[in-house]
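Hi,

Here is the structure I promised to pass on.

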Amino acid sequence: MKIKSDYDVIIVGAGAAGGILGRELSDAGLSVCVLERGPMVETKDVTMDELRFPIRQNLLWATPRVGGMSWRPHSRAATQHVFPRIPSLLDGWGPGGSMNHWGGACWRFEPATFKALDVWGQIPDGAIANWPLSYGDLEPYYTKFEYRFGISGDASQMPNEPPMSRPFPLPPLEQGYASNHFAEASRMLGYRPFPMPAAILTRDYQGRKRTGFCGFCMGYECTVDAKSNTRVTEIKEAMKNPNFTLLTDRYVFKITMSSPNRVDGVVCMDSSGTVHELTANIIIVAANTFYNVWLLLLSRNPYAPGGIGNQYGQVGMYFHQHPSFGVFGFFDQRMDVHIGPSHTVMAITDFMENRFDHKELEFIMGGFFFGAHPAGAAGQPIEFVKSIPLMKGIPAWGPKFKAFVAQTFSRYYMINALLTDPPLKTNFIDLDPHAKNGLGFPLPRLTFSWSPMVAKMHRFFYPKMTEVLQAGNALKIWGGSDVQSPWQLSHPSGGTRMGENPEESVTDRYGKVHGIHNLFVAGNSLFPTMSAFNPTETIGALAYWQAEYIKKRVFHGDLI
């Protein structure tokens, strides 16, 4: 006789994907338990404190006790760097996950992204693949995300915007002096800049107040809930359901199995070190890319000796992320780029995907650039001093450094670029055989180097960005000589790729792990390929798509 499970559904992670799935499935009447490794965070807990947030990362980022990663450039190399925390502000902590400290940029992926192999073909050592779904499949769920979260934007200003069944629910963000300066300089060169779509309220919306343009967005939790995340939208609503349970300080380190094609539950540890085992009819792993891969690999057992879902060695494969770089300009007038939202500024998307002629460029796909962006996350004074690259001849201390800081802080801005690097067979995540976190578990190890196309793409975009600064009469231009180091992460994706062939992917088109009846994965670890656009809205749309499928399967009696 079957023993009754503790819950219908257990979801690991309360971020962009987990928060959405938790609300959708509990709204449908299922008993849902969301397990979040971080503590409970409420709006009253957050402040505009530079030291606490982007500098010391004391609240919104995973600690060395349960976080971290290691890196090596290729599979023949030993581990070269061990990080107690995942670099670049990407390790979510508490309900809302990485959305707590994100910048709010909301983009739909291009239709070409979903058929990347058809559009571009394969490259040497490449792992480019078509998605097992289309833009049309996700369009209703993009729309649902935009209305649930209150996205501001104006599609009529966006060149080549994919088809939208409804306009954005809120008007676009008003831009500051620096962003308008960037836009005017861009127009002089024939570009078509427009305000980025943003998960930042420009009007009061669904009980939340509009932004006050304080400048403490990226790298911070919003003190008035004007910046949307799953904590203040989906989870807040789900908490009203008596069948929804949110357990914080729960570090899941094992998925249990008692048969070859079915999982039973999870094993987790609370903040006191007490171990708990919980059971459910459906398990959804909805954490970040590294944690999703780590948990599947660490959960190896007699039925899955290489890790759950890894019967064909696919778990961890095809990691990819955004190459990024920024070029700085110094001006003779005040720009005050630190005032207002720092990331959702004016964008130029003429060189996205297949929108432009790639003949003789020796790279595929593309990117976009945007401004005006500050140094660091939000560019506030302490972070500015920590993050700003130095001009040639400026030392890192002393009177010359102090003069540089005093002169530059209010009179500069950065143009930032996000590019697309295709997934390669040689880039992957596994478990480090030596490096461990504070609890003694192996760290996820990233084996990753940029493809040769990244340098060519950089050479294409860099002069275009400097030309904009020159058109804006910048007195000095510096920085941007290369993209970030491969361990300095920007939207890490892949590792549990979705696809139709179990020998080349980990899950099907709904995120269900091949060969496992009741185990799902959610989040951008599912992405077969990436757009240059930020991934959060696509993570959310996929979660709504998955929730719809799970509900239909449940009501047909297939899963429970």
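This is a predicted model: local features need pLDDT of at least 70, side-chain atom pairs count only at pLDDT 80 or more; totals for chains, interfaces and linings use all residues.

Residues are numbered from 1 along each chain as its sequence is written, and side-chain values use heavy atoms, with hydrogens and water left out.

**The sheets**

Helices (H or I, at least four residues) and strands (E, at least two) are DSSP runs, numbered from the N terminus. Two strands pair if DSSP finds at least two bridges between them.

For angles, axes are lines fitted to C-alpha atoms (for helices, over the stretch in contact), and the values run from 0 to 180 degrees between N-to-C directions. Strands β3 (residues 69-72) and β15 (residues 442-447) run parallel and are joined by three bridges, with W71 standing opposite L446 in β15.

Another open sheet has six strands in the order β5-β11-β12-β13-β10-β16, and its pairing is antiparallel. Here β5 (194-195) and β16 (476-478) are at the edges with a single partner strand each, so one side of each is left without a neighbour in the sheet. Three bridges hold β11 (residues 346-348) to β12 (residues 367-373), and M346 is found opposite G371 in β12. Helix α5 (residues 177-188) packs on this sheet and touches β11, β12 and β13 (412-419); its direction makes about 135° with that of β12.

**The core**

Buried means under 20% relative accessible area, exposed means over 50%, and partly exposed is in between (1.4 Å probe, protein chains only). A nonpolar core is a set of buried Ala, Val, Leu, Ile, Met, Phe, Trp, Tyr and Cys residues joined through side-chain atoms within 4.5 Å.

The largest nonpolar core has 167 residues, and those touching the most other members are I284, F368, F369, Y413 and L519. Helix α11 (residues 536-555) gives the most to this core, with 10 residues. Contact means heavy atoms within 4.5 Å. Which residues does I284 contact, leaving aside its neighbours within four places in sequence? They are V9, I10, I11, V12, L21, L25, F520, A522 and I550. Apart from this core lies another one of nine residues, including V41, F53, L59 and Y220.

L21 and L25 are also among the buried residues of α1. In that helix (residues 16-27), 11 of 12 residues are buried. After α1 comes G29, with a positive phi near 100°.

**Aromatic rings**

Rings of Phe, Tyr and Trp (its six-membered ring) pair if their centres lie within 6.5 Å; planes under 30 degrees apart count as stacked, over 60 as edge-to-face and the rest as tilted.

The whole structure has 43 aromatic pairs. One of them, F351 with F460, is edge-to-face at 5.4 Å centre to centre and 80° between the planes. It links the loop between β11 and β12 to helix α10 (residues 453-471), with the two residues 109 apart. F351 is buried at 12% relative accessible area, and F460 is buried at 15%. Ring pairs link Y191, F351, F356, F363, F369, F460 and F461 into a cluster.

Most residues other than glycine have a negative phi, and most peptide bonds are trans. G371 and A372 are joined by a cis peptide bond, with omega about 5°; A372 is in strand β12. D125 is not a glycine, yet its phi is positive at about 60°. D125 sits in the loop between α3 (116-120) and α4 (135-149) and is exposed at 53%. E362 also has a positive phi, about 65°; E362 lies in the loop between β11 and β12 and is exposed at 57%.

Cheers
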